[in-house]
Amino acid sequence: MGANLKVVHLVCACLFIGNVIVSGIWALLAERTRNHAIIQFSNRMVLITDVLFTLLGSIGVVWTGHGMAENFGGAAGHPWIQWSYLLLSFSGLIWLFVLVPIQLKQRALLRNTDTVCAEYWRLSRIWQIAGALATLLPLPIVYFMVTKTL
């Protein structure tokens, strides 16, 4: 297994997990101000950084992880590999089908008015809960990668 592949995997994992955690914090802190302009800016930045870091980081993690899994018997080679695929998949599905659509709806709501409406706050609660779940799901993968047994 090449050291370069491990390094790329680690960098991608840091970008992915770091952005997932920071996005939630950014949104929370912006929303605490209840200031439309700050919330709108935060929403736009979270969408941009989701593409740059969450999406690209996750693609890199999957690509490099799959390449390294081949050295351990492939995806079915060890339970920790299977759990990693499963947890990352669930997190990705939440991001793709819940979080991003909510962010886009919130963006539209923020563009159409200069106040933060009740619908925005309702969506925000759903985003916070789903986002917390999507953030927690990949964290055990870090543990698996560090403590894996062969």
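This is a predicted model: local features need pLDDT of at least 70, side-chain atom pairs count only at pLDDT 80 or more; totals for chains, interfaces and linings use all residues.
A residue counts as buried when its relative accessible area is under 20%, as exposed when that area is over 50%, and as partly exposed in between (1.4 Å probe, protein chains only). Residues are numbered from 1 along each chain as its sequence is written, and side-chain values use heavy atoms, with hydrogens and water left out.

**Overall layout**

- The protein has 5 helices and 0 strands, where helices (H or I, at least four residues) and strands (E, at least two) are DSSP runs numbered from the N terminus.
- Along its principal axes, the C-alpha trace spans about 55 × 25 × 20 Å.
- Taking contact to mean heavy atoms within 4.5 Å, 76% of the contacts between residues at least 6 apart in sequence join residues at least 24 apart.

**Nonpolar cores**

- A nonpolar core is a set of buried Ala, Val, Leu, Ile, Met, Phe, Trp, Tyr and Cys residues joined through side-chain atoms within 4.5 Å.
- The largest one has 20 residues, and F16, L88, I94, L99 and W127 have the most contacts inside it.
- Two or more residues of this core come from each of α1 (3-33), α2 (36-69), α3 (79-111) and α4, with α3 giving the most, 7 residues.
- Beyond its neighbours within four places in sequence, I94 touches L99, A130, L133, A134 and L137.
- A second, separate core of 5 residues includes I39, L110, V116 and Y120.

**Helix α4**

- Buried residues of α4 are Y120, W121, L123, S124, W127, A130, G131, A134 and T135.
- Their cover includes α1, α2, α3 and α5 (139-147).

**The salt bridge**

- A search of the whole structure turns up 1 salt bridge, meaning a side-chain nitrogen of Lys or Arg within 4 Å of a carboxyl oxygen of Asp or Glu.
- Its partners are the side chains of R122 and E119, at 2.8 Å from N to O.
- R122 and E119 are about one helical turn apart because they lie 3 residues from each other in helix α4 (residues 118-136).
- R122 is partly exposed at 37% relative accessible area, and E119 is partly exposed at 34%.
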